[in-house]
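Please read it alongside the sequence and the structure shown below.

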Amino acid sequence: MNLLNRFQPRGGVHPAGRKDLSADRPIRALPLPERLFVPLQQHVGAAATPVVAVGDQVLKGQLIAAGQGTISAPVHAPTSGRVVALGDYAAPHPSGLPVPTLTLESDGEDRWSDAAIPADPFALAPDEIARRVGAAGIVGLGGAAFPSAVKLNISRKSGVDTLIINGGECEPYLTCDDRLMREQAEGIVAGIRLIHHAVGTQRALVGIEDNKPEAIAAMRAAALGTDIQVVAVPAMYPMGWDKQLTRALIGKEVPAGGRSADIGVLVHNVATAYAVHQAVALGRPLVSRIVTVSGGAVKTPCNLEVPIGTPAQDLFDYCGGFTAPPARLVMGGPMMGHELPATHIPVVKGTSGVLALTHAEIGRPEPAPCIRCSTCVRACPVGLLPLEMATRIRAADLDAAIGLGLKDCIACGSCSYVCPAHIPLVHYFNYAKGELSARERAKLKQEATKKLADDRSARMERIAREREEAAARRRAAKEAAEAAKKAAEVTA
Amino acid sequence: MLIAVFSLTTLGLVLGLLLGYASRRLAVEGNALVEEIQAILPGSQCGQCGFPGCAGAAQALADGNAPITLCPPGGREVVSALSAKLGIEVNLADVAETMPMTAEVREELCIGCTRCYKVCPTDAIMGAAKHIHAVFREACTACGKCVEACPTEALALHPAPITLQSWYWHKPEERMAA
Amino acid sequence: MSQYLLLLLSTALVNNVVLVKFLGLCPFMGISKKVDTAISMGLATTFVMTMASASCWMLEHWLLAPLGIEYLRILVYILVIAAVVQFTEMVVRKTNPSLYQVLGIYLPLITTNCAVLGIPLLTTQEHLPFVAGLLYGFGSAVGFSLVLALFAGLRERLALAQVPSVFVGAPVGFITASLLALAFMGFAGLVSH
Amino acid sequence: MSQLAHSPHAHAPVSVGKVMATVMLALVPATVFGFWLYGWPAIFLWTVCVAAALLGEAATMQLQGRPARPALLDGSALLTAWLLALSLPPWAPWWIGAIGSLFAVVVTKQVFGGLGQNVFNPAMAARVMLLISFPVEMTLWTAPAPITGLHAPGFAEAWRITFGGGAWDAMTSASLLGHVKTEFTRGVDLLSSLPGYYVPHDSVWGQRAGSLGETSALLLLFGGLYLIARRIVTWHAPVAMLLGVAVPALIANTLAPAHYLGPLPHLLSGGIVLGAFFIATDPVTSPNTATGQFIFGLGCGLLTWIIRTWGGYPEGVAFAVMLMNATTPMIDLYVKPRIYGRNRKGQSLPAAPSKKEA
């Protein structure tokens, strides 16, 4: 029973896909914007450090910021032009807080820097492929933005035997991966084979939701003659969650708190595979990505190849602007994406879509009391009790929420989506996670300051003791001197 | 009458002996509660609780002479840790969530007198005599001692600036004011 | 055999010590905020009540009745109960210090739990033989623990509910207890003596 | 700090009001049939129940200084009163309905904080309270007198029955379970008391004395199946509750047919079907998980059977539901879904060593 069950996806919801808005629009290149705003941190890990100065001329694909530390990724110039500023600029982040950003003024030529192209990329050593992937600044393009080279190295070292390529794209509206698979299946397959080669996996599976038959057909055609298996998986949200896809494809679960590598699996997104091919075979670092521009308020939804750092406004303008004032602008998909505070915020490596949604599409009336209907329990792909966690967080009992599995929550939004009382469940969970990490930081700080305080009091004691000893010595010396003086007087 | 007195006395004696024996067999070492509490407290000895340093506060807490919400720099974290340790229930929602604060020097007012530098319990103030001082935010516990010591009111506590690393979602609004 | 089973059922459910006889309400309200604590308290009380039933039966039949000093019954019973409670307290303190801290004053207060005195007195009154008396005490204690645990579960939920401010705490607790008592009336007539 | 909207930026077209409305829709056929069967007094009683519940809800919300409109519009008070009305003797005086509804809405719901916070099912708590407080009025059943038939009371007479306050001289009749219990205590066993009294066909169609909600098992079953089809409720609690009654009844009946009723009369009489599909599925007072709901339903059924068979009351659904309501937090504490990547105990699954390493 267990075996059968395991292959069944758990929980999940079936939101209105709305992919028809843009699914039939071929990918077009966005005309070069005048100015590009390239944040130095577009990935998980340490921010990159700039290696160019204001006023420098750069070529497309030239390194402009180098990664630092083990988990980081470099950043390359998305086009040729001049660096005009290096400073804080609004980040593509729900807080809208500024981050260090390089501003590039395009010279309109879009000239590539020279790159060494290997004659046969498959002749490269696995180490070398991973190095090139890292040097090209490739991060997980599904949205997680984890540096891909790090994943490759971990997987090779831990002896991963299964490569899973995530073509789930379960978020409504988004069609960028779908289009990429339809149009660039050859490139994706070449990328998969490169990763396959770099990690030394024994099998490669591509999981694609069955609501994308064209993509499945294109990928199957391209994979013909290779050992890559293209598998149709049932369409449901969140099938694109890597661990859900892993369970659907091979029936194994990644241990809680562990990595895919723990069960011998490496998961990469289709767009990442394509980027690997571009970087290793053609020597092109990651300077652009496919972005879906969609939503009920967009005049002509489309799929665009966009240079990293392009302000969202340029994308909307290219798509004909808005038919109605949008009720909400979203970066990413509607389930997990975040609201865009303004349209001057740039597209980054992890941006899969920018959406302009109408009131009807958002559809979120006022919250009502929870009736414990446990629809959220059925919807949760992880197997949590969202309603119980939220009531505990509301009552400020975060420890109880952790006991219920708060840390296993992936914030996929399924529970909030189905809640008939419209309770912002995921919002509660993300607040609680933030609060917990704030507490963790506070605790670390407290430990550090406690040590400082202890050191200081020890020092103060020592100083006081030394002062006392010195005073005692002085007193003794003085007494001795006086005694000597007296003795002298007596003798005199 | 005598039977009653005798039997009750015997019963009492027997039970007393049994209990006495049991208490020896089941004796418990004195608990190290004070030290455990002291480990929870921030340890910056700021004295805002009214006790002479954290050791005094820990003693008072162990004796039950102080509320577990006594420590302003500790915030909710310390309250919940104390609540778990001492089994005292407290509604954490009622504990005012204090904004993380740090001391800031207004450079145009600082005269470099080093008084703040001398009182800071965590060595969070840098500077030398006749030089403008600066606060090392990571080490500042916002105890406020430097603010009191400053002769020119150049020091004040301000909310710690929010960065991309420290930002997180606010709590969703309560749906009803009960 | 079946009569013992019925006796257990009767004392635990039908004539539940808390919800039908309304004995032992003090710990019922006091130690019912957390399920874990309530279960521990239930275990401690079960131990005390069973021990007390047994030792009181022995004292009654081997000491008080032969000597004709039944008028000392309450005094002697309390003495025995106090001793058993003292013993339990030592055991808990030794084996589970944190539970000792959490139970706090309610642990020594088992002495004054009227159910603990009431059950041995009732067993004496009904002239039950030793095994029946023991089961009577045990069954009552199980009933006490059961409703204590159930009630604690309910109160854990109430603690998270947005109860109107005038009812927060004990008031809503008492209303819940009364509704629970209402539900337990369904067992009425289940076991006829 | 800017107050941006949190994800998700889409929402399923569902709401609490819609859920309640669907449940009420499922109750309509059985209720309308009951109205036809018991005539104007039943309609009056239902109206009194609903009016009292809405008034009680509005008044308590007002007292707390909370807006009354949303609470009234979500339909929860209406549904509670409706379910209560279905469980009362249809010719009961008006004050039974009024007191019951007020108790349900005010004491068992609003005192706990309103919708979603109560720990006991309001309708069942009110029914139990009424049964214990007014045993005479609560066990006075009438034989059905279809509204179109000759024996049915007219509007004016019905007004007197419901609001007159005096006893009425209509045909009173015991419900099946009451009859069995009475006969049994008189020493008449089932083999002689049942024939002529129990006709399965009548139970299915409701041609038998009882409350509005216990007469037409078939229409209620249809309503319940509709709810399951609409995914408002899952099958776990209802099926478990029916099993909880049927299985012990079958075993006992096979062993001693003279002492124990068979499964079919048990299922078709009393509030079992109403309880299984509309009460045990009350989301607020039942467990979160499917397994928990199954245990809950099983407990409801089993306790109902025990109380019916050996207890002092002829009907036990309301008691059983309340008792199981009390166990809901415990069930929720111990029955939780398995978390991805963890075993049932919540420990992380072991990492599978890969083939290369081995």
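Two strands are said to pair if DSSP finds at least two bridges between them, and that criterion is the one applied to the strands described here. The model is predicted, and in it chain A comprises 15 helices and 17 strands.

**Overall build of chain A**
- The C-alpha trace of chain A spans about 120 × 60 × 50 Å along its principal axes, and 57% of the 492 residues of chain A count as buried.
- When contacts in chain A between residues at least 6 apart in sequence are considered, 72% of them join residues at least 24 apart.

**Pairing around strand 5**
- Strand 3 of chain A, residues 49-50, pairs with strand 5 of chain A, residues 63-66, in the antiparallel sense over two bridges, and within this pairing T49(A) stands opposite A66(A).
- Strand 5 of chain A also runs antiparallel to strand 6 of chain A, residues 75-76, to which two bridges join it, and here A65(A) has V75(A) as its bridge partner.

**The side of chain A that touches chain D**
- On the chain A side 60 residues are in contact with 40 residues of chain D.
- The elements of chain A that give two or more residues to this side are strand 15 (328-331), strand 16 (338-339), helix 10 (359-362), helix 14 (414-418) and helix 15 (425-491).
- Sorted by class, the side of chain A that touches chain D has 31 nonpolar, 17 polar and twelve charged residues.

Note on methods. Residues are numbered from 1 along each chain as its sequence is written. Chains are lettered from A and ligands numbered from 1 in the order in which they are written. This is a predicted model: local features need pLDDT of at least 70, side-chain atom pairs count only at pLDDT 80 or more; totals for chains, interfaces and linings use all residues. Helices (H or I, at least four residues) and strands (E, at least two) are DSSP runs, numbered from the N terminus. A residue is buried if 20 or more other C-beta atoms lie within 10 Å of its own, exposed if 12 or fewer, and partly exposed in between; C-beta atoms are placed from the backbone. Two residues are in contact if their C-beta atoms, placed from the backbone, lie within 7 Å. Ala, Val, Leu, Ile, Met, Phe, Trp, Tyr, Cys and Pro count as nonpolar, Asp, Glu, Lys and Arg as charged, and the others, Gly among them, as polar.
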